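User: I have a structure open and would like to go through it step by step. Could we begin with the overall picture and then turn to the details?

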Amino acid sequence: MKNLLSGLLLLLIQPLVAGASYDMVNFWSTPHEAPAWFSSDNYGGFYGETTGGQTFSQKPVINDSEVRLHKFMIGTAYFYVSDRGPIMALDDLKAVSIYLALV
Amino acid sequence: MFKKLFLAAFIASIVGFGGVPEAQAATTVLQPPSAQTLAALEVRVQSAQMELIKQLMAQVTVLQEQLTKLLAAQSSVPVTSIGKIVVDLKIDGSDGPLILKPGYAKFTWKTNAESCIASGDVDYWSGEKAASGEARVWTGNEKYGITTYTLECSGTNVNSEGDSVTIMFDYGTQPVSMLELTSPSGGETYGTDIPELNIKYRSKGLKGEDVIAYLHKSDKHYSNYQRSKTVTVSSDGGNIVMGMQKGGAQTPGKYKVTICVLVPGKDFCRESGSFELVGEAGEPYVTDSFVGKSIAGVGVYYEYSYTIHNMRDGLTFWAEPDVYCDDTYIAPIKRDCSKSKIFFAWGEGGVKGDGGKMNPYVKGGASYQLPTSLDKSFITTSGVAHEFFPNPDGVDIRFVLRDERGRELWSKVHQFGFKG
């Protein structure tokens, strides 16, 4: 019985002790949880999970400029992945614009 | 052996049916063959040709298999057929998806193509590559998210093919980007006469980003600060040299430096410990404080209190606005720049006397000769009629203490905001 209660308690507090969720403010200045695994979604994107149980995904950004750009999302934080490095932008259009401005 | 005999027999039979010996031709009267004979001959010829084609195809297949085995043995590339490009890219021996520690990774690639183009990272994995090779590729510590490295290969008269490996980095417990202020760290003492302050920092994942430094009083973070020029981070650290004779926050006192990364969406700052700026013995310097302000219909009035330490003869106090009164500027009231002046008074509450006036709103600013009877402290009351200025937000006035040779001993910019 004691073990069962301990197990239940552990289950209850597990979400709390797991890594804090990322947002646009803390994402760039706090330690990142290691990715546990990731896989292709067969639509040009990816999805996965960190060792702390946070899910993340990365989707291709469709655009008219033929720019190969992906949007990475974890928690409420997101940014864009490109061959010219990561791009912090509020939306897809700005990301494409910034990408084209990068030389 | 059997195949050769078979082939020889067939060829002989074809020749036998298709040709006539010359000796016979001389003595035999030629008769046209019947339609039935011709049809039978045609069937036999077609049959023989088909058989020959089968034989040749069988030999080609044997040769193909031998060539495939030979190529596979030479390159380990799983070539499945001739005429098709096969590309195999591996990172650290894996086809991916792969989770790596940031840093260098071993890229190996093999192909039967003539040329290849790499893509995925414009700095470290891009452009033409040999048909096969290996390289230590810097995958960096700035590769957030999932990165796909691709090798696209092509040849003559064949479709191009490519191979990709996707990577995600495990940054461990380190922040993906880090900014650390290493100097000043706190506890240092500098003279107020130092020409510049060398601010040092370490960083990670911020290459190419802009950083800026602020010098400010320990207890006042964002008022009366002095700002450095923006510096672009080129490596994992660097320094920012802040000139100490511009903007003038360098009166004696306790200060801190704050450096900030200027990236939309990820701005963050680091503050130093408190350090001290001390004046040279006997060298005049100023401490100041804000007294109050009032907003009038036609302008604003700001009062600041200044205390001159180590007062001596020959000192002048200057007021240098960043914009000047413009009588020609369109305003709803009659313009008169002479009404915008700064008034000096000294003594407690300014009761000891009218220190005089100066009109700084002429180009070059204006100076005020500080009387030797000045009892250390004085008050300036600055009236600025905002109708005379093109900037609707306000005027910045730089107050400067200069010695008898015109050398700046102290300066500070005060903002005279017109609103609120």
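User: What percentage of the residues in chain B are buried?
Analyst: In this predicted model, buried residues account for 26% of the 420 residues in chain B.

User: And how many helices and strands does chain B have?
Analyst: Chain B contains 3 helices and 27 strands. Among its contacts with a separation of 6 or more, 67% are between residues 24 or more positions apart.

User: Let us switch to chain A. What is its average pLDDT?
Analyst: The average for chain A is 77, and 79% of its residues score at least 70.

User: Which elements of chain A have the lowest and the highest mean pLDDT?
Analyst: Helix H1 of chain A, residues 2-17, has the lowest mean, 39. Strand E3 of chain A, residues 55-60, has the highest, 94. Over residues 1-18 of chain A the pLDDT is below 50, and beyond near neighbours in sequence this stretch has 2 contacts in the model.

User: In what order do the strands of the chain A sheet come?
Analyst: The order is E1-E2-E3-E4-E5 in an open sheet of 5 strands, with antiparallel pairing. E1 (35-40) and E5 of chain A are the edge strands, each pairing on one side only. From one strand to the next, the twist averages 20°.

User: What holds strands of a sheet together in general?
Analyst: Strands of a sheet pair through backbone hydrogen bonds, in either a parallel or an antiparallel arrangement.

User: How many bridges join E4(A) to E5(A)?
Analyst: There are 6 bridges between E4(A) and E5(A), and the two strands run antiparallel. As one example, A:Leu69 has A:Ser82 in E5(A) as its bridge partner.

User: Where does H2(A) lie?
Analyst: H2(A) lies across E4 and E5 of chain A, and runs at about 130° to E4(A).

User: Which residues of H2(A) are buried?
Analyst: In this helix, residues 92-101 of chain A, the residues A:Ala95, A:Val96 and A:Tyr99 are buried. They lie on the same side of H2(A), because they cover an arc of only 100° around the axis. The buried residues of H2(A) pack against strands E4 (69-74) and E5 (77-82) of chain A.

User: What about the face turned away from the buried side?
Analyst: That face of H2(A) carries the exposed residues A:Leu93 and A:Ala101.

User: Why would residues three or four places apart in a helix point the same way?
Analyst: An α-helix has 3.6 residues a turn, so residues at that spacing point the same way.

User: Next, the largest nonpolar core. Which of its residues touch the most other members?
Analyst: The core has 38 residues, and those touching the most other members are A:Phe72, A:Phe79, A:Tyr80, A:Ile87, A:Ala95 and B:Leu151. Elements of chains A and B each supply at least two residues of this core, including E4, E5 and H2 of chain A and strands E7 (146-155) and E8 (158-169) of chain B.

User: And what does A:Phe72 touch?
Analyst: Leaving aside residues up to four places away in sequence, A:Phe72 touches residues in chain A, including A:Phe56 and A:Gln58. Its contacts also include B:Tyr144, B:Gly145 and B:Ile146.

User: Back to chain B. What do E4(B) and E5(B) form?
Analyst: E4(B) and E5(B) form a hairpin with 3 residues between them. Strand E4 (residues 115-121) and strand E5 (residues 125-129) of chain B pair in the antiparallel sense over 4 bridges. Within this pair, B:Ala118 stands opposite B:Gly127.

User: Which strands make up the open sheet of 3 strands in chain B?
Analyst: The order is E9-E11-E15 in chain B, and the pairing is antiparallel. E9 (178-183) and E15 (237-243) of chain B each have a single partner strand, so one side of each is left without a neighbour in the sheet. Direction ignored, neighbouring strands of this sheet are turned by 30° against each other on average.

Definitions and conventions:
Residues numbered from 1 in each chain as written. Chains lettered and ligands numbered in written order. Predicted model: local features only at pLDDT ≥ 70, side-chain atom pairs only at ≥ 80, totals over all residues. Pairing = 2+ DSSP bridges. Axes fitted to C-alpha atoms, helices over the stretch in contact; angles between N-to-C directions. Buried ≥ 20, exposed ≤ 12 C-beta atoms within 10 Å, placed from the backbone. Arc of directions from axis to C-beta. Contact = placed C-beta atoms within 7 Å. Core = buried A, V, L, I, M, F, W, Y, C linked by C-beta atoms within 7 Å. pLDDT = per-residue confidence, 0-100.
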